[in-house]
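Here's a quick briefing for anyone meeting this structure for the first time. Have a look at the sequence and the 3D view, then work through the notes below.

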Amino acid sequence: MTGFSADWLALREPFDLAARAESAATLDLRGMAGRMRHDARPLDVLDLACGTGANLRALAPSLGGAQRWLLVDHDPRLLAALPGAFAAWAHAQDLILRTDDQRLHVEGLDWNAEVRWQRADLASALDAVPFAGAQLVTAAALLDLVSASWLDALFDRVCKANAAAFFALSVDGRVSWDPVVEEDEAVDRLFAAHQRRDKGFGAALGGKAPAAAAARLAAEGCRVTLSDSDWRIEEMRMLQAMIDGVGSAALEQAPSAHALVQAWQVKRRALAPRSCLRVGHTDLLMLPA
Ligand SMILES: C[S@@+](CC[C@H](N)C(=O)[O-])C[C@H]1O[C@@H](n2cnc3c(N)ncnc32)[C@H](O)[C@@H]1O
């Protein structure tokens, strides 16, 4: 669960979509796209750490109109899975999809998107990414993985490009299980500490990411809106994945807490058929100063 396999990204995608629906009422994404467009040209969107393209699948229909996306990730296996993931989506949603070698074109009712992708390591080679010309810089489930100094470097580039930004689904540290068990709090503390480990970008912000990002952008004079986009999980497969993943991360963080983590997993698995897990996420929309 802490890795980013295509299977894990596919498992979380419906929960991400449901969570985004919560924040959609607060964040005027179509209005932002309208403001950022220059004349009749397509809106240029840069999607950082794209995985298999879930952010585009969620966002493109909300933005409306003509769009031109560049998707960036460092993992060649996830990039290789992009065309298949878009083909399945287009089929399920009745969209028109045309493909050529390194490019897709997707067409919905009132929007269309040209989609290209690029392999780049965002941690070590942010300058390989063409920020200039982007009107919207976006990422989903990325900000909690990065450090404060990396965020500074990213925001410098976003502000120089005079782009808007939309960062969806950053974990914000709120976690609650219903019903509760005695070990929840201790395991959550270990998991939160694991989230702050270096994921390649320096010490990760973890649950502090949305507030840190909002403060940094507001200091630049940008207009920032935050909105909750929480996961609510009652489905068995996802609950099991969370119990396994949280347990493994907690154990990696504190191998000596083996008995505690095992007791927590046994109780959580037994309660899973009547449990609900809420994981706090925040969406951040920024309009340039
Ligand atoms: C939680 S996943 C989110 C993926 C996608 N945005 C989504 O919403 O499904 C984090 C993504 O960050 C990417 N990533 C992690 N470290 C990276 C790096 N140094 N450079 C580029 N991408 C990276 C992973 O490959 C993965 O696709």
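Predicted model: local features only at pLDDT ≥ 70, side-chain atom pairs only at ≥ 80, totals over all residues.

Helices and strands here are DSSP runs, numbered from the N terminus; a helix needs at least four residues and a strand at least two.

- Is Ala141 buried or exposed? Ala141 counts as buried because it has 20 C-beta neighbours inside 10 Å, and the cut-off for buried is 20 or more.
- Asn162 is another non-glycine with a positive phi, about 55 degrees.
- You'll find Asn162 in the loop between α5 and β7.
- Asn162 has 12 C-beta neighbours inside 10 Å, so it counts as exposed; the cut-off for that is 12 or fewer.

**A cis proline**

- The peptide bond between Asp178 and Pro179 is cis, with omega about 0 degrees.
- Pro179 sits in the loop between β7 and α6.

**Around the ligand**

- How many residues surround the ligand? There are 18, and the closest are Ala49, Gly51, His74, Leu122 and Ala140.
- Sorted by class, this shell holds eleven nonpolar residues, four polar ones and three charged ones.

**The nonpolar core**

- The largest nonpolar core is made up of 79 residues.
- Inside that core, Leu142, Val146 and Phe167 have the most contacts.
- Which strand gives the most to this core? That's β7 (residues 164-178), which supplies eight residues.
- If you skip neighbours within four places in sequence, Phe167 is in contact with Thr138, Ala139, Leu142, Leu143, Ala213 and Leu284.

**How α8 meets two other helices**

- A handy way to think about this topic: two packed helices are described by the angle between their axes and the distance between the axes.
- For helix α6 (residues 184-195) and helix α8 (residues 236-253), the axes come within 8 Å and cross at roughly 75 degrees.
- On the α6 side the contact is made by Val187, Leu190, Phe191, Ala193 and His194, and on the α8 side by Val246, Ala249, Ala250, Glu252 and Gln253.
- By class, the residues of the α6 and α8 contact are seven nonpolar, two polar and one charged.
- Now for α8 and helix α9 (residues 258-271): their axes come within 10 Å and cross at roughly 175 degrees.
- So α8 and α9 run roughly antiparallel.
- Here Ile243, Gly247, Ala250 and Leu251 of α8 meet His258, Val261, Trp264, Gln265, Arg268 and Arg269 of α9.
- The contact of α8 with α9 has five nonpolar, three polar and two charged residues.

**Helix α3, mostly covered**

- Helix α3 (residues 54-63) is mostly covered, with eight of its ten residues buried.
- Those buried residues are Ala54, Asn55, Leu56, Arg57, Ala58, Leu59, Ala60 and Leu63.
- After α3 comes Gly64, which has a positive phi near 70 degrees.

- Leu104 belongs to strand β4 (residues 103-107).
- With 22 other C-beta atoms within 10 Å, Leu104 is buried.
- Not counting residues up to four places away in sequence, Leu104 touches Pro83, Phe86, Leu97, Thr99 and Val115.
- What separates Leu104 from Val246? They're 142 residues apart along the chain, and their C-alpha atoms are separated by 36 Å.
- Pro210 is part of helix α7 (residues 209-219).
- Pro210 counts as buried too, because it has 27 C-beta neighbours inside 10 Å.
- Leaving out residues up to four places away in sequence, Pro210 touches Leu143, Ser170, Asp172, Leu226, Thr282 and Leu284.
- Pro210 and Ser227 are 17 residues apart along the chain, with 9.9 Å separating their C-alpha atoms.

Notes: Residues numbered from 1 in each chain as written. Near = placed C-beta within 6 Å. Nonpolar A, V, L, I, M, F, W, Y, C, P; charged D, E, K, R; others polar. Axes fitted to C-alpha atoms, helices over the stretch in contact; angles between N-to-C directions. Contact = placed C-beta atoms within 7 Å. Core = buried A, V, L, I, M, F, W, Y, C linked by C-beta atoms within 7 Å. Parallel < 35°, antiparallel > 145°, perpendicular 65-115°, else oblique.
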